[in-house]
Amino acid sequence: MESAAPFVHLLIRDGILIGIYRKNLHINLDMAKQIVKERIRFTSGKKMAAMIIGYGIISMDKAAREFLASDEGIQGLSAIAILIDSTYSNFVGNLFLKMNKTKIPVRIFLDTHKAEKWIQQFIVMD
């Protein structure tokens, strides 16, 4: 099952929701709301662990970060592993996670294997 939404390509693999962001994205609040709405539609509201491949994200404004960390933004998620592609993105991402706390586990990874291993513990069984 796959969905090609305007900002993120969604698919489910081995019980994990995978979100691959489009290239050169500057995410604002309206985009963040569309992304969450599409994710909930795609998963039919089922709670899932997610792995976000954020290589295409260039920036995200404060309102979008706050929304994505809110109860509404994490609706339907049990945990999130975020894959990024640079040490700088890792530093900035972890800083944002400290400022925008969520009620679910969220970790940032540079290594795909480590992200997959970590997120597996949060797979929700039917």
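A polar contact is a pair of N or O atoms within 3.5 Å; within protein, one must be able to donate a hydrogen and the other to accept it, and residues adjacent in sequence count only if both atoms are side-chain atoms. The model is predicted, so local features need pLDDT of at least 70 and side-chain atom pairs count only at pLDDT 80 or more, whereas totals for chains, interfaces and linings use all residues. Residues are numbered from 1 along each chain as its sequence is written, and side-chain values use heavy atoms, with hydrogens and water left out.

The side chain of E38 makes such a contact with the side chain of R41, at 2.6 Å. E38 belongs to helix α1, residues 29–42 (helices are DSSP runs of H or I, at least four residues, numbered from the N terminus). E38 is buried, at 15% relative accessibility (buried means under 20% relative accessible area, with a 1.4 Å probe and protein chains only).

Two aromatic pairs were found in a search of the whole structure. Rings of Phe, Tyr and Trp (its six-membered ring) pair if their centres lie within 6.5 Å; planes under 30 degrees apart count as stacked, over 60 as edge-to-face and the rest as tilted. F109 and W118 form a tilted pair, with ring centres 5.7 Å apart and planes at 50 degrees. F109 is buried at 6% relative accessibility. W118 is buried at 12%. The pair of W118 and F122 is tilted, with centres 4.9 Å apart and planes at 55 degrees.

Conventions:
Buried means under 20% relative accessible area, exposed over 50%, partly exposed in between (1.4 Å probe, protein chains only). Helices (H or I, at least four residues) and strands (E, at least two) are DSSP runs, numbered from the N terminus.
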